[in-house]
Amino acid sequence: MEALRFTGAGNEYFKIWIVNVLLTIITLGIYYPWAKVRNRRYFYANSTLNDRNFEYHATGKQLLLGFLIGLVLFVIYNIVTQVAPQFALFFMGFFILILPWIIWRSLIFNMKVSSFSNVHFSFRGALKTSYLIFLGYPLLIIFLIVMVGIIASVAIPSLQSSPSDPTFLIIGGIIIGVFSMILYAFAIALIQKKSKEYMLNNSFYGQGQFSTELETKKFLSIYAKGIMLALLPLVVMGLGFVGMGVGPGAEILFIVAYFGFIIVSLLAGAYIMSRIRAYVYENTLLDDRVAFESTLGARALAWVIFTNLLMILFTLGLAMPWAKVRMANLMLENTLVDTSVGFDEYITQEQARGGAIGEQIGEAFDVDMDVGF
Amino acid sequence: MIQGYWHPQGSAERFVATFEINDLGRYAIVFEDKTAYRGDASDLKVSDRLGNVYRKITLEDGSAFTTLDNDAIDLLFKHQQKTNALVHYLETHMRWIAVALIVAVATGFSFFKWGVPWTSEKIAQALPYETNRLIAKGSMKFLDKAMFDESNLTKVQKDEIRLHFEQKIARLSIEDEDEIRYKIYFRSWTMGGSEIPNALALPSGEIILTDKFIQLASNQDEIDAVMLHEMGHVVHRHGLEMLIEGTFITVAVMMMTGDASGMGDMGVGLGSALVSSSYSRKHEAEADLYAFNKMLKAKIDPKSFSNIMQSMMDYMAKENNETKKDDKKGYLDYFASHPTTQTRIDLANHYSKCFKQGLTTCK
């Protein structure tokens with residue numbers, strides 16, 4: 001196993017970043033897609049494994065059209081939500097309908113324009129699978145939860161012995177609530193598993209195919225632990241709140257609780273993210289022989305996210321380049337790949353063209369597709 | 001001679017090789033076993049320079065030579081790399097970095113401080129009046145559902161205020177905008193157990209007065225002052241302006257943090273809240289000025305405005321104190337404090353002096 005390395009540096013990237021900002025300002029925003037390409041190229045090209053580097057091949061021109069479409073849609077969406085909230089719902093509905101398409105297009109495009117050691121990646125998943133995972137399953141789950149609610153609202157009153165006794169109603173409500181929550185958690189885990197499998201099992205490095213087999217219950221248990229991790233300190237803090245509620249310290253306690261909440265949810269989020277990453281990596285193979293591993297720890301991740309956040313806040317965004325480099329360093333040095341077989345026999349496969357439109361629309365609406373490391 | 005690797009087309013396999021271009025413009029890639037690959041240098045494609053990452057030269061058959069010797073490549077291909085050379089030049093010279101930094105900070109600051117409000121105002125003024133009606137559509141229904149209750153004022157009270165408004169106040173704004181049809185609504189607004197004294201205006205000219213406000217007003221002038229302030233918002237099209245400002249901020253923030261994927265979300269939220277509140281202070285000041293000038297014209301003492309502001313503040317402070325005793329919700333004070341109110345009262349007093357001297361304009 002060999003770890004990836006990030007060879008870029010914050011100081012160097014800051015210069016590239018600030019010149020991007022300058023050129024974007026002078027061109028009134030038109031340069032933005034080119035700036036984005038330069039940023040991406042920097043991070044890809046500085047990611048190395050076995051002394052070989054990644055490359056990002058998209059051009060500013062390729063991204064421009066998608067960027068403009070995304071921008072126009074975004075402005076319209078913003079105006080619509082403020083002017084006529086009732087139309088915003090239609091807009092959201094339309095967006096939800098095309099989201100699976102955007103994800104699919106974006107995966108094809110991003111994989112196609114990425115290469116490692118001169119060999120391109122590719123994505124060959126079917127559009128209908130994307131619709132199944134990102135539209136079909138969520139709708140099914142919503143339908144199930146609504147059904148449970150309807151059945152419960154009919155069944156509970158009819159089972160009730162005396163209509164004036166509310167105990168039964170409350171217990172029934174709690175049972176239904178807990179049941180819905182379990183159903184919901186199960187749904188999230190299932191969709192996560194399916195989408196990871198969709199992304200990985202349809203991804204290729206040259207002629208080599210990635211493969212993974214994941215279990216919903218593993219996702220579920222990671223989520224459950226993460227949520228417990230978040231709930232326990234919150235309950236303790238909540239008790240403290242009640243205990244000290246009457247006293248001059250209430251305001252201070254409120255502030256402590258507020259920041260405590262941020263830190264706890266950060267930790268829980270980092271826990272869930274790092275554990276899922278580790279689980280997915282160790283169950284993924286390239287060509288049934290190249291293995292992967294993630295050694296990313298929850299605490300290290302939470303620490304970097306938290307300090308990055310502070311850095312960015314206190315510099316009004318100017319520390320962004322260093323923050324991004326720190327993040328890249330952490331991610332890469334905790335990504336291990338089995339390089340014993342070597343990569344020499346991989347060859348780029350020709351494939352159908354995929355435009356950048358889907359990807360840019362996705363970005364405009366903040367659909368963050370985690371196709372990288 | 002440049003050291004590097006040669007990759008066959010689309011292959012991950014690589015061979016140690018050297019690269020050079022002779023005086024005749026012919027290139028040669030020479031492998032360790034002395035075999036070589038030759039051709040015309042003008043057929044080569046060189047990737048753009050970016051920091052010190054691997055540079056790639058693509059040959060006409062699609063195979064590629066990669067090297068880390070960026071400076072040597074720059075020297076060999078100076079004529080092909082003009083645009084990129086400029087960007088790279090900026091990126092590697094401290095004085096240009098300093099220029100970029102200053103331009104970025106200054107632009108960011110002026111953009112939010114002056115650019116957004118100025119442009120929003122111009123756009124808001126340029127749009128047809130109908131837009132105001134469009135954005136206010138449904139707002140009254142929403143407010144009635146979400147915040148307001150029926151007013152407890154008598155019909156006589158309401159009619160009196162309405163009649164006075166029609167006869168004396170409404171026409172004051174005709175010279176600014178003759179399409180507005182003002183309409184007065186009376187509502188009761190209760191929040192957290194206390195009645196809220198307030199007046200609001202919708203962009204389409206609906207002015208809403210709460211019962212508590214009417215109660216606190218000690219005379220007709222005070223009601224007029226507040227109504228004129230609200231008319232100022234309508235005439236200046238502040239509703240539209242806020243809408244446009246909001247869109248600007250969101251788009252700008254999206255572009256700035258486009259690549260950050262959620263990292264700066266918290267900062268962004270905080271930042272845009274601060275920026276918007278500074279815009280809304282500007283709107284209040286504009287509406288105040290509008291009201292004061294109209295009051296001078298209509299012979300109403302601007303002092304009435306500061307009087308009613310004072311009454312409302314005293315009332316809210318008292319209410320807050322009472323809830324504080326009950327609920328220990330003292331921390332709300334941190335967020336509710338209104339440092340600019342004093343400035344507004346001072347300005348009203350300044351205009352009041354002009355009024356007392358019998359002036360119809362003031363500065």
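How many bridges join strand S7 to strand S8 of chain A, and in which sense do the two strands run? The legends below describe a predicted model.

**Figure 1. Strands S7 and S8 of chain A.** Strand S7 (residues 203–205) and strand S8 (residues 208–212) of chain A run antiparallel and are joined by two bridges. Phe204(A), for its part, has Gln209(A) in S8(A) as its bridge partner.

**Figure 2. The seven-stranded sheet of chain B.** Seven strands of chain B form an open sheet with antiparallel pairing, in the order S4-S3-S2-S1-S7-S6-S5. Strand S4 (36–40) and strand S5 (45–46) of chain B stand at the edges with a single partner strand each, so one side of each has no neighbour in the sheet. Within the sheet, strand S1 (residues 2–7) and strand S7 (residues 64–67) of chain B run antiparallel and are joined by three bridges. Here Tyr5(B) stands opposite Thr66(B) of S7(B).

**Figure 3. Nonpolar cores.** The largest nonpolar core has 49 residues, of which Trp17(A), Ile18(A), Val19(A), Tyr42(A), Leu107(A) and Tyr205(A) touch the most other members. Leaving aside neighbours within four places in sequence, Val19(A) is in contact with Val87(B), Leu90(B), Glu91(B) and Ala100(B). Another core, of 37 residues, lies apart from the largest one; among its members are Ile161(B), Ala199(B), Phe292(B) and Phe355(B).

**Figure 4. Strand S9 of chain B and its partners.** Strand S9 (residues 183–191) of chain B runs antiparallel to strand S8 (residues 148–150) of chain B, with three bridges joining them. Strand S12 (residues 206–210) of chain B pairs with S9(B) in the parallel sense, over five bridges. Arg187(B) stands opposite Glu150(B) and also opposite Thr210(B) in S12(B). Strand S10 (residues 194–195) of chain B runs antiparallel to S9(B) and is joined to S9(B) by two bridges, with Met191(B) opposite Ser194(B). The hairpin of S9(B) and S10(B) has two residues between the strands, and Gly192(B) in this hairpin takes a positive phi near 55°.

Conventions. Residues numbered from 1 in each chain as written. Chains lettered and ligands numbered in written order. Predicted model: local features only at pLDDT ≥ 70, side-chain atom pairs only at ≥ 80, totals over all residues. Pairing = 2+ DSSP bridges. Helix = DSSP H or I, 4+ residues; strand = E, 2+ residues; numbered from the N terminus. Core = buried A, V, L, I, M, F, W, Y, C linked by C-beta atoms within 7 Å. Buried ≥ 20, exposed ≤ 12 C-beta atoms within 10 Å, placed from the backbone. Contact = placed C-beta atoms within 7 Å.
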